[in-house]
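Please look over the sequence and the model shown below before reading on.

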Amino acid sequence: MSASLDAISPGALTSPPVAERAQPRRFAPLRRLRDPALAIIFPTLVLVFWHLATYGRKYSLIPPPTEVARALYDLAFGGIYDDAYSRTLHVHLLASLSRVYGGFVIAAILALPLGLMIGRLSIMRRLLDPTLQVLRPIPVTAWLPLSMIIFGLGPRSAFFLVCLGAFYPILINTIFGVRSVDLRLFEAASMLGCRSTAQFHRVVLPASLPAIFTGLRLGLGFAWVVIVVGEMTGVPTGLGAIIIEARQLSRTEIVICGMIVIGIAGFISDRIVLLLGKRLLQWSPNFA
């Protein structure tokens with residue numbers, strides 16, 4: 001008995017059987033499909049409920065999903081209704097993209113250095129933070145009349161409102177990231193000879209980047225949220241513009257199409273920022 005046990009190697013006692021080792025590989029494709037499958041369950045249930053609640057009702061103000069799908073196809077490619085909205089999706093989408101990303105870039109250019117200064121310098125925090133905290137709760141819709149007075153009707157007012165919507169999430173997260181830097185990092189940097197302004201570039205900025213990227217994600221998301229309000233300033237093109245116009249014409253299916261396109265465009269924009277953040281912040285366990 002002892003001889004037979006001696007003949008068995010230690011690895012044979014601890015390693016799983018071949019069938020057990022092959023099982024994870026066999027089911028690996030199924031595991032990769034699990035998350036997409038779970039992601040479509042809730043939208044499918046919503047579509048089924050929507051269809052059952054609206055199908056066959058001639059005078060319903062909410063159109064069934066099949067009618068919305070036809071309107072979305074016509075909005076993108078034409079050939080079904082041949083009206084003023086046919087084959088105009090690319091025009092409105094590009095117009096909204098330019099305003100969202102233009103306002104977002106302006107907000108980031110203003111909010112990032114301001115947030116770094118407020119978070120790092122106590123004099124800037126005492127000087128600017130109270131005023132910014134008073135202005136922050138004011139909704140973007142309240143700025144709409146004032147923006148049209150200052151910037152006039154047209155895209156400049158839309159840029160201002162989108163920029164305003166993206167500004168505060170970037171600013172607040174930047175301040176939070178700077179003020180959350182561990183004090184032990186400063187002590188370690190000082191012991192290694194990194195002092196004064198060099199600590200800002202070597203300690204503060206890298207340590208606050210996860211919070212900054214979170215603020216950028218939130219800011220871009222809010223930019224898409226306020227695009228409808230931004231395009232209520234008399235612009236002729238844009239997803240918000242066609243939503244407002246379609247509402248006035250009781251074209252609910254076009255309103256829903258605009259909402260769907262904004263949601264998809266916002267989701268793709270968020271994925272882009274998230275992938276960029278993961279690429280640049282591979283060292284950080286705090287950025288998901």
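## The nonpolar core and its surroundings

In this predicted model, the largest nonpolar core holds 52 residues, and those touching the most other members are L132, F167, I170, L171, L216, W224 and L239. At least two residues of this core come from each of helix 4 (65–77), helix 5 (89–120), helix 7 (140–151), helix 8 (155–179), helix 10 (198–225), helix 11 (227–230), helix 12 (239–248) and helix 13 (252–280). The most is given by helix 8, which contributes eleven residues to the core. When neighbours within four places in sequence are left aside, L216 is in contact with F104, A108, I170 and V273.

Helix 6, which runs over residues 122–135, has 14 residues and, at 1.5 Å a residue, should span 20 Å, and this agrees with its end C-alpha atoms being 20 Å apart.

D82 lies in the loop between helix 4 and helix 5, whereas S250 is placed in the loop between helix 12 and helix 13.

| Residue | Relative accessibility | Class |
|---|---|---|
| D82 | 60% | exposed |
| S250 | 61% | exposed |
| C163 | 10% | buried |
| C257 | 0% | buried |

C257 counts as buried because its relative accessibility of 0% falls under the 20% cut-off. The structure contains zero disulfides.

Definitions and conventions:
Residues are numbered from 1 along each chain as its sequence is written. This is a predicted model: local features need pLDDT of at least 70, side-chain atom pairs count only at pLDDT 80 or more; totals for chains, interfaces and linings use all residues. Side-chain values use heavy atoms; hydrogens and water are left out. A disulfide is a pair of cysteine sulfur atoms within 2.5 Å. Buried means under 20% relative accessible area, exposed over 50%, partly exposed in between (1.4 Å probe, protein chains only). Helices (H or I, at least four residues) and strands (E, at least two) are DSSP runs, numbered from the N terminus. The expected span of a helix is 1.5 Å times one less than its number of residues. A nonpolar core is a set of buried Ala, Val, Leu, Ile, Met, Phe, Trp, Tyr and Cys residues joined through side-chain atoms within 4.5 Å. Contact means heavy atoms within 4.5 Å.
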